Amino acid sequence: MKVICAIQARMNSSRLPGKLLMDICGKPMIQRVWDACEGPWKRLVLTTIKQEDDVLADFLLAHGMDYRRGSEPDVLSRYAQVAMLDKPHCLVRVCGDAPFIQAAWIEAAVKANAMVFVPQALHAGSWIGWDEANRYSQPYDWEHAGYHWFEEHSQILNLVPPDYMTVNTPEDLDEARRRICGK
């Protein structure tokens, strides 16, 4: 069974630019997310073709992390391309600013053997489902990798604890460092 965990990532976050390469207790955030997503599946980072993401692509290449580049505004198309080219049994979407993601959630999504939505954490499904999401989603979903389409058309798995967080602001980064480093 072919499974791909694809991590969406770009450097130009409006609230915390460059956050993916910011240090969290000795590792850049993207490395922490990559490591947290380790499992019996292929991992892949999906970034943009914009010049400002060259530094991220250089980091990924230097650290042996597989990646592909695509549209910045149409994030969903990055996933649809992976779905159509690789035709995985399950393609899992994870955000690059999620250092607290759990491989067990990815495993649960894969085992569900259905289109799955894990609120605040991930969404997943077969390549056919991703193709359908890409064809029938609305413009808002293009930017958010089909988030609302999956929310409406998938089995919902409530796996995320109440204190789960992603890193979107300098305050979030400080909190992530506190939680991970214990300081």
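User: Let's start with W142. Is it buried, exposed or partly exposed?

Analyst: W142 is partly exposed, at a relative accessible area of 35%. Do keep in mind that this is a predicted model.

User: Thanks. Which helix is W142 found in?

Analyst: W142 belongs to helix α6, which covers residues 139-143.

User: And what does W142 touch, leaving out residues up to four places away in sequence?

Analyst: Its partners are P73, D74, V75, L76, N134 and S137. As for A80, that residue is 62 residues from W142 along the chain, and their C-alpha atoms are separated by 10 Å.

User: Let me zoom out. How many helices and strands are there in the protein chain?

Analyst: The chain has eight helices and nine strands. Its radius of gyration is 15 Å, close to the 16 Å that the globule rule gives for 183 residues, so the chain is as compact as a globular protein of that length.

User: What are the spans along the principal axes?

Analyst: The C-alpha trace spans about 45 × 35 × 30 Å.

User: And what share of the residues counts as buried?

Analyst: Of the 183 residues, 49% count as buried. The accessible surface comes to about 8,600 Å², and 51% of that belongs to carbon and sulfur atoms.

User: How much of the contact set comes from residues 24 or more positions apart?

Analyst: Such pairs account for 68% of the contacts with a separation of 6 or more.

User: Nice. On to the inside: how many residues does the largest nonpolar core have?

Analyst: The largest nonpolar core has 40 residues, and those with the most contacts inside it are I30, V94, I101, I106 and L122. The elements giving two or more residues to this core are the strands β1 (3-8), β6 (90-95), β7 (116-118) and β8 (122-125), together with the helices α1 (29-36), α2 (54-62), α4 (103-111) and α8 (170-181).

User: Why is α1 described as largely enclosed by the rest of the structure?

Analyst: Because six of the eight residues of α1 are buried. Those buried residues are M29, I30, Q31, R32, V33 and W34.

User: What about A83: buried or exposed?

Analyst: A83 is buried, with a relative accessible area of 0%. A83 sits in helix α3, residues 75-86, and leaving aside residues up to four places away in sequence, A83 touches P88, L91, W127 and W130.

User: Changing topic, where is M115 found?

Analyst: M115 is in the loop between α4 and β7. M115 counts as buried at 15% relative accessibility, under the 20% cut-off.

User: Last topic, backbone angles. What is the phi of C25?

Analyst: C25 has a positive phi of about 55°, although C25 is not a glycine. C25 is in the loop between β2 (23-24) and β3 (27-28), and is partly exposed at 25% relative accessible area.

User: And what is the phi of K87?

Analyst: K87 has a positive phi of about 50° and is not a glycine. K87 is found in the loop between α3 and β6, and counts as partly exposed at 41% relative accessibility.

User: Great, thanks for the tour!

Key. Residues numbered from 1 in each chain as written. Predicted model: local features only at pLDDT ≥ 70, side-chain atom pairs only at ≥ 80, totals over all residues. Heavy atoms only, no water. Core = buried A, V, L, I, M, F, W, Y, C linked by side-chain atoms within 4.5 Å. Buried < 20%, exposed > 50% of the residue type's maximum accessible area, 1.4 Å probe, protein only. Helix = DSSP H or I, 4+ residues; strand = E, 2+ residues; numbered from the N terminus. Rg over C-alpha atoms; globule rule 2.2 N^0.38 Å. Contact = heavy atoms within 4.5 Å. Areas by Shrake-Rupley, 256 points an atom, 1.4 Å probe, with all protein chains shown as cover.
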